[in-house]
Amino acid sequence: MTSGWSNVFLGGIAAATLIMALIQIGAIIAALRLARQAQLVITSVQQEVRPLVAKAHAIVDEASRTVAIASSQAQKLDRVVTDLSRRVEETAAVVQEAIVTPAREGIAIMAAIRAAFGSLRGFRDLRPRTGHSDDEDPLFIG
């Protein structure tokens, strides 16, 4: 009887091993199918993402060109402003040389002429006056 029961147990073990092997084979097949589907999804995503990446690269290239152009324009503007400032300073210097300096000299000449006339009047005031009495104070107003 031991041989009968051992054959039954041995058969049960073999059946359990066969079921486990079939389950493992099924799991491997399911994993392979899942891997194949994942590969298809990855390929699909890559195909859809490639144009987006290309567009992103184009946008980055365009942005870098725009920045380069803006930088160049800013440098040109800086040169124009610097040149304009220099020319304004030169013009102010020329105006000062052409107008202000001769005007100062003219004012100085006019002051000299006034001083000369003032001194001539001073000589005339030093002459003795006739018709004034000595009692009158010439500085008295009233």
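Q: With which residue does the side chain of arginine 86 meet in a salt bridge of 2.9 Å, N to O?
A: This is a predicted model, where local features need pLDDT of at least 70 and side-chain atom pairs count only at pLDDT 80 or more, while totals for chains, interfaces and linings use all residues. Residues are numbered from 1 along each chain as its sequence is written; side-chain values use heavy atoms, leaving out hydrogens and water. A salt bridge here is a side-chain nitrogen of Lys or Arg within 4 Å of a carboxyl oxygen of Asp or Glu. For arginine 86, the partner at 2.9 Å is glutamate 90.

Q: Why are arginine 86 and glutamate 90 separated by about one helical turn?
A: Both residues sit in helix H1. A helix is a DSSP run of H or I with at least four residues, numbered from the N terminus.

Q: How many residues apart are aspartate 83 and arginine 86?
A: Both lie in helix H1, which covers residues 2-126. About one turn of the helix separates them. The spacing in residues is three.

Q: What is the relative accessible area of aspartate 83?
A: Buried means under 20% relative accessible area, exposed over 50%, and partly exposed in between (1.4 Å probe, protein chains only). Arginine 86 is partly exposed at 40%, and glutamate 90 is partly exposed at 42%. Aspartate 83 is partly exposed too, and its value is 25%.

Q: What share of the protein's 142 residues is buried?
A: The fold has one helix and zero strands (a strand being a DSSP run of E, at least two residues). The protein exposes about 13000 Å², with 68% of it from carbon and sulfur atoms. The buried share is 0%.

Q: How many salt bridges does a search of the whole structure find?
A: Side chains of opposite charge can pair when their charged atoms come close. One of the pairs found is arginine 87 with aspartate 83. The count over the whole structure is four.

How values were computed
Accessible areas come from the Shrake-Rupley method with a 1.4 Å probe; for residues, only the protein chains shown count as cover.
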